[in-house]
Every structure is written in C-alpha cells, then in structure tokens.
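This report describes one protein chain. Look over the sequence and the structure before reading on.

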Amino acid sequence: MEKNTLKDKTFQLSVSIIYLYRQLCNNRGNEVLARQLLRSATSIGANVREAVYGVSRADFIAKLQIALKETAETEYWIELLQETGTSATSLIIRKTYRGV
C-alpha cells in the first residue's frame, strides 16, 4: 500500500492534540477551549481519511475542503489559548505544536 503523508501527518496531529488536551484540562479555565480544539483538530484527520476513500473526485475534494476549514478553526483555538492562557499553557502548546 502507498504511503500517504497527509494521512500520516494528520493522524499524528490528532495524537498530539489529544495529549495537549489532557494537559490543558488540568487547568479548569481551559476546559471549554481545549474541548473545541480537540474537536476541530481531530476532525482534520477524520476528513482526510474519508477523502482517501471518496467515491468520486468531487467527494474527495469536498472532504479535503472540510479538512482545510477545520485546520483554520484549529489554528484559531490554538491562538486563542495562547493569548488567553498562562505562560505554562503557552509553553505546553508550543512544545506540542512544534512536534507536528
């Protein structure tokens, strides 16, 4: 089977975000934003995975467009958490985000 770099990278992003979510939830003030981040970030990989198995070219493109929108939303939640979080929160995000 062919290696699919996008599929692999989005899966790794999801794994990293799950670990980040667990760390962010240690601070009760981050729970709502962390949950939003978790949902949007894991949706990227799910939509890429669906695109790989799309039934048509149009279906493939539509799923990737959804993944792109989820990527923009994920970026928004990360920026919001960095701007409103403590320095410890920002450090956790930078360490996690750098690895992806």
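## Around Leu-38

Residues up to four places away in sequence set aside, Leu-38 touches Ile-17, Ile-18 and Tyr-21. Leu-38 is part of helix H2. The model is a predicted one.

Tyr-19 can also be located relative to Leu-38. The two residues are 19 residues apart in sequence, and their C-alpha atoms are 9.7 Å apart in space.

Neighbours within four places in sequence left aside, Ile-17 is in contact with Leu-37, Leu-38 and Ala-41.

## The nonpolar core

In soluble globular proteins, nonpolar side chains tend to be buried together. The largest nonpolar core of this model has 14 residues. Those that touch the most other members are Ile-17, Leu-20, Leu-24, Leu-37 and Leu-81. Two or more residues of this core come from each of helix H1 (5–24), H2 and H3. H2 supplies the largest share, six residues.

Ile-17, one of the core residues with the most contacts to other members, is also the residue that touches Leu-38. Among the contacts of Ile-17 is Leu-37, and Leu-37 is likewise listed with the core members that touch the most others.

## Salt bridges

How many salt bridges does the structure hold? There are two.

Asp-8 counts as partly exposed because its relative accessibility is 37%, which is between the limits of 20% and 50%.

The other salt bridge is formed by Lys-63 and Glu-50, whose closest N and O atoms are 3.3 Å apart. This pair links distant parts of the chain: Lys-63 is in helix H3 (residues 57–84) and Glu-50 in helix H2 (residues 31–52), 13 residues apart. Glu-50 has a relative accessibility of 41% and therefore counts as partly exposed.

## Confidence in the model

For the protein, the mean pLDDT is 87, and 85% of its residues reach 70 or more. Which elements have the lowest and the highest mean pLDDT? The lowest mean, 66, belongs to helix H4 (residues 87–98), and the highest, 95, belongs to H2.

Notes
Residues are numbered from 1 along each chain as its sequence is written. This is a predicted model: local features need pLDDT of at least 70, side-chain atom pairs count only at pLDDT 80 or more; totals for chains, interfaces and linings use all residues. Side-chain values use heavy atoms; hydrogens and water are left out. A salt bridge is a side-chain nitrogen of Lys or Arg within 4 Å of a carboxyl oxygen of Asp or Glu. Buried means under 20% relative accessible area, exposed over 50%, partly exposed in between (1.4 Å probe, protein chains only). Helices (H or I, at least four residues) and strands (E, at least two) are DSSP runs, numbered from the N terminus. Contact means heavy atoms within 4.5 Å. A nonpolar core is a set of buried Ala, Val, Leu, Ile, Met, Phe, Trp, Tyr and Cys residues joined through side-chain atoms within 4.5 Å. pLDDT is the predictor's confidence in each residue, from 0 to 100.
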